[in-house]
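I have one chain to go through this morning. Please have a look at it first, and then I will take a question about a single side chain.

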Amino acid sequence: MSNLARQLERKQIQESVSKELNNPLKKVKSKISNGEKFLYFTTLVGVVFATYLVISTYAAIYITNNEVHALERTIKNQTTNNEALQLQVTELSAPDRILKIATEKLGMTLNDKNVKVVKN
């Protein structure tokens, strides 16, 4: 009887092996459920989106910082230019210089009777 049982067992094993060979598209159950797949996918999308936000914010800060430095350099250059021009104005508006140009180049004379003093 044990020999007969072994033969039946062998037949069953051969049949199961032949069924597996004949049906290669057998559906294999996934270890991860659909809900877990959805959670993993949404988590991945969230992480990618958060990474995008961080990188884009960093890029915007970098661009703004470069613009601020460029403006600071422009302001510094303009301030230097303004100081030089103010010095020229001070030099050119000296009363002695104006009197000299008026008498030598323009041929004017100083008449104290026509001079009026204006106060601010």
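Is Leu99 buried, partly exposed or exposed? Leu99 counts as partly exposed because its relative accessibility is 40%, where buried means under 20% relative accessible area, exposed over 50%, and partly exposed in between, with a 1.4 Å probe and protein chains only.

Some housekeeping. This is a predicted model, in which local features need pLDDT of at least 70 and side-chain atom pairs count only at pLDDT 80 or more, while totals for chains, interfaces and linings use all residues. Residues are numbered from 1 along each chain as its sequence is written, and side-chain values use heavy atoms, with hydrogens and water left out.

On confidence, pLDDT is the predictor's own score for each residue, from 0 to 100. The protein chain has a mean of 88, with 89% of its residues at 70 or more. Helix α1, residues 2-22, is lowest at a mean of 73, and helix α2, residues 34-92, is highest at 97.

The chain has 3 helices and 0 strands; these are DSSP runs, H or I of at least four residues for helices and E of at least two for strands, numbered from the N terminus. Of its 120 residues, 1% are buried.

Back to Leu99, which sits in helix α3, residues 95-104.

The chain exposes about 12,100 Å², and carbon and sulfur atoms supply 62% of that; accessible areas come from the Shrake-Rupley method with a 1.4 Å probe, and for residues only the protein chains shown count as cover.
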